[in-house]
Amino acid sequence: PIVLFVKNYGLVPKYVTGRSMQPTLNPDSSRLRKDIALFDRSFLFTGYTFRKGDIIAIRSPVNPDSTLIKRIIALEGDEVETLPPYPENVVTVPEGHIWVEGDERFHSEDSNHFGPVPLGLVDSKLMFLVWPLDRFG
């Protein structure tokens with residue numbers, strides 16, 4: 001029961017793969033070296049208010065079996081200048097949604113591909129890196 005509680009409501013380790021969050025996460029493109037980060041799920045139940053710049057894990061809006069790690073760029077009501085392939089040049093983030101992008105914008109499956117993300121798809125928030133040790137914190 002304690003393990004389930006921690007997994008569902010506490011800190012959860014996640015492997016960071018791919019280059020969409022480079023250079024912040026996984027700066028070494030080697031397939032042998034991946035960042036491991038601790039993500040916090042407790043904020044989902046404490047009334048945490050998201051901020052621009054938060055790095056979060058979300059369930060992919062196009063593939064629910066996939067988890068994406070992205071940065072919040074805009075909150076509901078904000079205007080965003082989009083990038084291709086998004087069909088509009090500017091979009092206003094609707095209520096109950098956020099706009100997320102990878103730090104490596106042209107190598108990222110993000111809101112520029114699938115649009116604003118419902119807050120209900122947010123899984124957790126990055127707390128700190130645990131591996132590699134030289135980047136701990």
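**Salt bridges and an aromatic pair in the predicted model**

Asp123 and Arg41 are both buried, where buried denotes a relative accessible area under 20%, exposed over 50% and partly exposed in between, with a 1.4 Å probe and protein chains only. The structure is a predicted model, in which local features require pLDDT of at least 70 and side-chain atom pairs count only at pLDDT 80 or more, whereas totals for chains, interfaces and linings use all residues. Residues are numbered from 1 along each chain as its sequence is written, and side-chain values use heavy atoms, with hydrogens and water left out.

Asp123 and Arg41 form a salt bridge in which the closest N and O atoms are 2.7 Å apart, a salt bridge being a side-chain nitrogen of Lys or Arg within 4 Å of a carboxyl oxygen of Asp or Glu. Because Asp123 lies in strand E9 and Arg41 in the loop between strand E2 (35–40) and strand E3 (55–59), the pair ties together parts that are 82 residues apart in sequence; helices (H or I, at least four residues) and strands (E, at least two) are DSSP runs numbered from the N terminus. Asp123 also meets the side chain of Lys14 in a salt bridge of 3.1 Å, N to O. Here Lys14 belongs to strand E1 (residues 11–16) and Asp123 to strand E9 (residues 122–131), so parts 109 residues apart in sequence are tied together. Lys14, like Asp123, is buried.

Across the whole structure, 3 salt bridges are found. Another of these pairs Lys52 with Asp78, with the closest N and O atoms 3.2 Å apart. This pair links distant parts of the chain, Lys52 in the loop between E2 and E3 and Asp78 in the loop between strand E4 (67–75) and E5, 26 residues apart. Lys52 counts as exposed, at 52% relative accessibility. Through shared partners, salt bridges join Lys14, Arg41 and Asp123 into one network.

With rings of Phe, Tyr and Trp (its six-membered ring) taken to pair if their centres lie within 6.5 Å, and planes under 30 degrees apart counted as stacked, over 60 as edge-to-face and the rest as tilted, the count comes to 1 aromatic pair. The ring centres of Tyr86 and Trp99 are 5.2 Å apart and their planes stand at 85°, so the pair is edge-to-face. Tyr86, in the loop between strand E5 (79–81) and strand E6 (90–92), is 13 residues apart from Trp99 in strand E7 (residues 97–101). Tyr86 is buried at 17% relative accessibility, and Trp99 is buried at 0%.

The protein chain as a whole has 2 helices and 9 strands, and buried residues make up 41% of its 137 residues.
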